[in-house]
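Hi everyone, thanks for coming.

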Amino acid sequence: MAHETYLCRAPRTLLIGAGPSTSELIREISTYSDAIVAADGGFWAAEQAGAQVALVVGDMDSQKALPAGQAVAHITDQETTDFQKCLALCDADVFLGVGFLGGRLDHQLAAFSALLNEPRPVVLIDEAQLVFVVPQKFSVDLEPETPVGCYPMVAVEASLRGVRWPLSNAAMSPVGQIATSNVALGGALDITVDGPGLLAILPRCYLETVLEALDRGFGEAHDQ
């Protein structure tokens with residue numbers, strides 16, 4: 001689904017889905033964003049949190065009567081999820097996503113698939129963790145014993161340094177080598193990967209440093 005005109009433009013856009021979240025989490029993550037877009041039923045979670053929603057996007061199968069004057073993009077297409085519709089209609093340097101992890105497993109897997117097809121950085125967040133696709137070069141400082149998970153959604157070749165169980169140019173795939181349940185040694189966690197497809201899972205408390213690292217990593221990838 002391609003759109004020539006974006007309906008929302010902001011350096012950092014928070015997307016709110018209808019999956020598990022809390023008002024406290026939405027309010028916390030909104031402090032890192034410049035605009036908030038709700039995916040269909042995510043509007044009610046945003047409203048409960050007191051968040052100002054710039055745009056509601058989706059097929060509107062989860063909607064009651066929206067407030068008068070609320071900007072809406074009603075898209076009846078059933079080939080894409082509401083999350084994908086939000087990404088297609090929004091222009092941002094980085095996306096944050098709340099309400100897309102947990103809940104129904106098929107919805108969560110669909111969100112991961114959307115990440116693989118999105119060239120811009122997207123960080124999905126829940127109460128405990130952050131999930132994002134690693135750029136070709138990624139480096140972030142972590143405290144010792146920080147949990148580190150890496151899961152290949154497709155076949156990739158990757159190296160991990162700064163963890164208890166490092167990898168060097170390892171052929172990774174969902175049916176082969178994975179790297180979940182790893183632990184940071186402290187200091188720099190360095191990941192290199194030959195292409196998009198490796199999910200990283202880190203504790204939520206590292207959101208700010210991860211956003212800074214993604215700014216660097218995706219910038220380097222685009223400059224190559």
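Let's start with a side chain: that of S33 reaches the backbone oxygen of S30 at 2.9 Å. A quick word on the basis: this is a predicted model, where local features need pLDDT of at least 70 and side-chain atom pairs count only at pLDDT 80 or more, while totals for chains, interfaces and linings use all residues. Residues are numbered from 1 along each chain as its sequence is written, and side-chain values use heavy atoms, with hydrogens and water left out.

Back to S33, which sits in the loop between α1 (23–30) and β3 (35–39); helices (H or I, at least four residues) and strands (E, at least two) are DSSP runs, numbered from the N terminus. Buried or exposed? S33 is buried, at 15% relative accessible area; buried means under 20%, exposed over 50%, partly exposed in between, with a 1.4 Å probe and protein chains only.

Beyond its neighbours within four places in sequence, S33 is in contact with R12, T13, L14 and L96, contact being heavy atoms within 4.5 Å.

The structure holds eight. R12 pairs with D215, with closest N and O atoms 4.0 Å apart. Because R12 lies in strand β2 and D215 in helix α5, this pair ties together parts 203 residues apart in sequence. R12 is partly exposed at 23%, and D215 is partly exposed at 43%.

Finally, R204 and E127 meet in a salt bridge at 3.2 Å, N to O. R204 is buried at 18%, whereas E127 is partly exposed at 42%.

Key:
Polar contact = N/O pair within 3.5 Å; in protein donor to acceptor, adjacent residues only side chain to side chain. Salt bridge = Lys/Arg side-chain N within 4 Å of Asp/Glu carboxyl O.
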